[in-house]
Amino acid sequence: MSKLSTTPEAPVQVRRLNQMVKDWIEQLGQIWVEGEIAQISSKPTWKLSYLTLRDTQADASVSVTCSTASLRAHPLSTGDRVVMLGKPAFYAGRGSFSLWATQWRPVGVGELLARIERLRVALAAEGLFDARLKRPLPFLPRRIGLITGRGSAAERDVLSVSQARWPEVDFQVVNTIVQGAKAVSEIIPALESLDADPTIDVIIIARGGGSVEDLLPFSDEALVRAVSRATTPVVSAIGHEPDNPLLDHVADLRAATPTDAAKRVVPDVAEERRRIRDLRDRSAAALRRWVDRESRIVSDLRSRPVLSDPMTPIRARAEDIGRGRDRLRGAISRRLEREESMVAGLRGKVSALGPAATLARGYSVVQVQPRDGSGDQVVTTIEQSPPGSQLRIRVADGSITAAAMGVKPAD
C-alpha cells in the first residue's frame, strides 16, 4: 500500500482511513491463534456470535467473531483453552478489529503436558534444575515471604500451621492471582520484591492444587527463570501430586502441600523443646556414667596397697637400704682389717730390714764428715776416712763423735 500524502488542508476522511486499514489487514491471510476463552456473547437468534480470546501468559486479548451455527456445532465455554483458525478482519463502519474464526479445537491436557515436558527437558539441559544449585533453608527464618491467592485456603493453612508450630513466626504475605493469564505477571514482581528484601529469609509460593490448566502459570518459563535468579531460598507449595509443575523442579524445596511447606520451613517449638529435654537428659546421664566410672577407678586405685598405706613401700625400701648399709659396713670393716694386717706385716718387714733393728742388735753406723761440709756420708771403705777425719758413730741409743787415728786394710 502506497503512502498517502495528507495535509491540514487536504485531510483523509474517516471512511477512507478505515477502508485503507481494512484493505491492509485483509492481506494478512488466515492464522492459527492460541488462547483462553474469556467471554462469550451469543444468542440463538443471532447470525453471528462474539467471543473474547485472552492470552494465557500476558494481559492481552482479541475480539473473535464466528457464526452462531458453528458455535452450536462446536460449543465453547468460558475458560476453555483453544486454538482457532481465523482471518484478521477490520470493520470499516465502526473502525473495530476482530478475528473471523472458522475453525477451533480445544487444547487437550495431553498436549499441554507434552509442551510442559518439552520445556522441562530444555530447562534441565541448561542446568536450571541442578541439585547443586539448591540453597538450604534456614533453621529458624526471621521472616517468611508468602505469595498466594487472597483469602485462599493455602494462605490460611500456611499461616495457621506455622503459628501453631512457632507462635512468634513473622510473615510478609503478598496476595496475587494464582491462575489465569495475569498470574505470572503478578507473581514475578512479588517474587522479585520479596527477594530484594534483606529481612526475608525464605519465600513460599503456595496454591492449593487444581487442574493442569489451572496450574499452567507455575510451569511458565518466565516464572521458572525468575525463581532460578532469586538469591533467597524458594519453596514450591502448589499441592498437585500427579503432575508436578516446573516450579517444583527449580525451587530450592518442593512441598507436597501448603501445610507441608509450613512444616518444612517453620520448626515445631514443642518438638524442639522435647529434643532439648532429651539432649539434656542424655548429657546428664552421660555425665553421671562418666562420674561413676571415674569414681570406680578412684576406688580401685585407693584399694591398692600402695595407696591404702603409702608408707609400706617406703618402709620396705628403708629395710632394704638398712640391709645394704649393714652389708656395706661389714665389707668395709673386713677390707680394713685385711689392709691393716697387710700394713702390719709390711711394717714388720720394714722394721726387720731397717738400720734401727741392726743398731739394736749391737751394730753401729759410721759416717764421715767431709771437710767441704757437703753432708755426712756412710763410711763403707777406709779410703773415705783417712787419719784425722771427723767421724760420727750412730748406735742404738745415740751417736758418738770421734776422729780417725789411723786406718788398717782388711786381712
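**Salt bridges and their setting**

Guide: Residues 24 or more positions apart account for 60% of the contacts in the chain that have a separation of 6 or more. The model is predicted. It holds twelve helices and 14 strands. The radius of gyration is 64 Å, whereas a compact globule of 411 residues would have one near 22 Å. Along the principal axes, the C-alpha atoms fill a box of roughly 200 × 65 × 40 Å, and 29% of the 411 residues are buried.

Now to the part you asked about. Side chains of opposite charge can pair when their charged atoms come close. A search of the whole structure finds 17 salt bridges. One network of them links E271, E272, R274, R275 and D278.

R275 has 44% relative accessibility, so it counts as partly exposed. E271, at 25%, is also partly exposed. E272 has a relative accessible area of 17%, under the 20% limit, and is therefore buried.

Another pair lies in helix α11, residues 311–353: D320 and R323 are three residues apart, so about one helical turn separates them. Their side chains meet in a salt bridge of 2.2 Å, N to O. D320 has a relative accessible area of 36% and is partly exposed, as is R323 with 42%.

The patch consists of I297, L301, V306 and L307 and lies on the surface, with about 320 Å² of accessible area together. V306 belongs to α10 and is partly exposed, with a relative accessible area of 47%.

For contrast, consider the interior. In soluble globular proteins, nonpolar side chains tend to be buried together. Here the largest nonpolar core has 30 residues, and I147, F218 and V227 touch the most other members. Helix α5 gives this core its largest share, seven residues. Apart from it lies another core of 20 residues, including I144, V169, I204 and V269.

Technical notes: Residues are numbered from 1 along each chain as its sequence is written. This is a predicted model: local features need pLDDT of at least 70, side-chain atom pairs count only at pLDDT 80 or more; totals for chains, interfaces and linings use all residues. Side-chain values use heavy atoms; hydrogens and water are left out. Patches are made of residues with over 30% relative accessible area and no salt bridge: like charges are joined within 9 Å, nonpolar side chains (Val, Leu, Ile, Met, Phe, Trp, Tyr) within 5 Å. Accessible areas come from the Shrake-Rupley method with a 1.4 Å probe; for residues, only the protein chains shown count as cover. A salt bridge is a side-chain nitrogen of Lys or Arg within 4 Å of a carboxyl oxygen of Asp or Glu. Helices (H or I, at least four residues) and strands (E, at least two) are DSSP runs, numbered from the N terminus. Buried means under 20% relative accessible area, exposed over 50%, partly exposed in between (1.4 Å probe, protein chains only). The radius of gyration is taken over C-alpha atoms; the globule rule is 2.2 Å times the number of residues to the power 0.38. Contact means heavy atoms within 4.5 Å. A nonpolar core is a set of buried Ala, Val, Leu, Ile, Met, Phe, Trp, Tyr and Cys residues joined through side-chain atoms within 4.5 Å.
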